[in-house]
Every structure is written in C-alpha cells, then in structure tokens.
Amino acid sequence: MSSYEPQPYPTTTLLAYKAAAITGGVTGIGRAIVKELIHQGATVSVNHLDDASSKESFDSLKSEIAATLPDPTLIDTILINVPGDISQPETSTEFIAKTIEKFGKLDIFVSNAGICDFHEFLSLPPELYQKHRAVNMDGAYYSTQAAANAMKSFGKGGSIIAISSISALVGGAGQTHYTPTKAGVLSLMQSAACALGQYGIRCNAILPGVIRTRLNEEDLKDEEKRKYMEGRMALGRLGDPTDIAGPVVFLASDFSRYMTGAQLLVDGGAFVNFQ
Ligand code: RM4
C-alpha cells in the first residue's frame, strides 16, 4: 500500500464567481471534485442518485465543507443537491434547471457519474451491459446536452469536463461492458467540442488511471492485482480522488481557455510505463 497522504491544494480563487454543476458528486472522484471547486471559489450543484445512502453521503459532504467555511451557515448559498437517476433524460433537464434557479447561471459542468461492476465477459448478462451504458454513456450525453443548452442561452461560453478513463485507451478483461462507455464519453467530448466551439463552450475529457474508490475496492482486494497495478504506475502509487480534482479545476478555469476537444490522462504514468 502506498504511504501517500493527499495534501490540500493551496487556497486560491481560480473559480471565483463561477457556478458549477456535477453529476455523481457525493462519493469517490466526484466528492473530491466538489470540495475542490468550492475551495477554489465556485458555487456547486450536485446530482446524485435518489436513494438513502446517496442522500446521507451528500449530507456528510455538506457538513464537511461547511466546517471549512468562515461562516458555516453560508453552505446553503454555495452548495445544493438535485437527486435523480442520470440515465433518464428528464433528470438532466431538471438538474440544470434547478441549478440555474439557484445560481442564476452555469459556467462549469462536470459529467462524472459512473459505475463499474467488474464481470467476466462470456457470461455477462445483457442487463449489466445496459446499465453501464445507461449510466455512463447516456447519462453523460443527456447531461452534457442540457448543460450546453443552458450555457448557450447565457451567451458567456463555459467549460464542460467529462470524466472518461484510461479505459478509453486500453482494455480490461473484466470491463468489456465498461471500457466502451468510457471511449464513448471521450468521443462525446470531442464531437461536443466541435459543435459548441462557436458558443465559446469548451469540452474536454479527463482520463483517470486507477484511482482508489468504491468502484475498484473489491477488485483491488486481490493483493497480487493491486501490487501489479502499483508497479505499473511510474509514480509508484495508485491514485487518490484528490489527484483528479486539480486537473478538473485547471480545465474549468481560464488557464485552459484555448483547450477544447482535448484529453488529459491523469494516471500516475501508468499508460506510458510499458516495459
Ligand atoms: C477505471 C479503470 C480502472 C478501474 C476503475 C474502476 O476507469 O478502468 O482500472 O479501477 O475504472
């Protein structure tokens, strides 16, 4: 196991006065992104599943963030949640509408919600494939479209960031139902960049490597696999959700103003470390 302790980024205001929305924002990578967006001055609207455990996760996220504010009661002015199943198109419409209702605009959208239940290929039931496609691909599509329409209506451009994966570039025997969705998300950002450039809306993809979250918790219990994975990383450790938050802030900020249709691999050097 790596002894890496995630450190907070320095407090800056890279995203001051920006309004952001993110899907899947209460656990794993999404949770770390929400914290960092707020840390950098943005207001954030979070979509998550409409179930008890996700609501609990949102409440705990809210308290954690509130505790970092000079005035904890300010939390309700900078963070809201809009529960709903992102694989359904109407969830995205409602999510973005409620975000605008609260913050009056939308500058940043992060399509992050995703699932990965590892499963062997030959016996994979169609429902499992359909579920991964519905959440990872359809969810990214509908929410990106809804966010883009809102950004266009304000006429001030915007930044859309989708969390794809190193899996858009490489395969995995237990991920035949998952890797195509991540390649799809990358492709969506490329084509959306072409469609939305005329409105000053930038679309980019982040491709995380192996980041320790509940998605791979079970898979990485296999000591041999975990050791192999750690060995793959040029930086010698698996990723932490906070490792993805910085690159999201960069793509959300004006520092990346000439970037669109790009893919940012954030994998500790796993991809290039071939032999
Ligand atoms: C990533 C990649 C990793 C896996 C996670 C769940 O996109 O495929 O190998 O750990 O998903």
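A residue is called buried under 20% relative accessible area, exposed over 50%, and partly exposed in between, using a 1.4 Å probe and protein chains only. The model is predicted, so to speak of local features we need pLDDT of at least 70, side-chain atom pairs count only at pLDDT 80 or more, and totals for chains, interfaces and linings use all residues. Residues are numbered from 1 along each chain as its sequence is written, and side-chain values use heavy atoms, leaving out hydrogens and water.

**Exercise 1.** Classify Y141 and Y142 as buried, partly exposed or exposed.

*Solution.* Start with Y141: its relative accessible area is 43%, so Y141 is partly exposed. Next, Y142 has 26% relative accessibility and is also partly exposed.

**Exercise 2.** Find how many aromatic pairs there are, and describe the geometry.

*Solution.* First, recall the rule: rings of Phe, Tyr and Trp (its six-membered ring) pair if their centres lie within 6.5 Å; planes under 30 degrees apart are stacked, over 60 edge-to-face, and the rest tilted. Applying this rule gives 1 aromatic pair. The ring centres of Y141 and Y142 are 6.4 Å apart and the planes meet at 85 degrees, so the pair is edge-to-face.

**Exercise 3.** Describe how R237 is placed relative to Y4.

*Solution.* The test for a charge over a ring asks for NZ of Lys or CZ of Arg within 6 Å of the ring centre and within 35 degrees of the ring normal. The charged end of R237 sits over the ring of Y4, at 3.4 Å from the ring centre.
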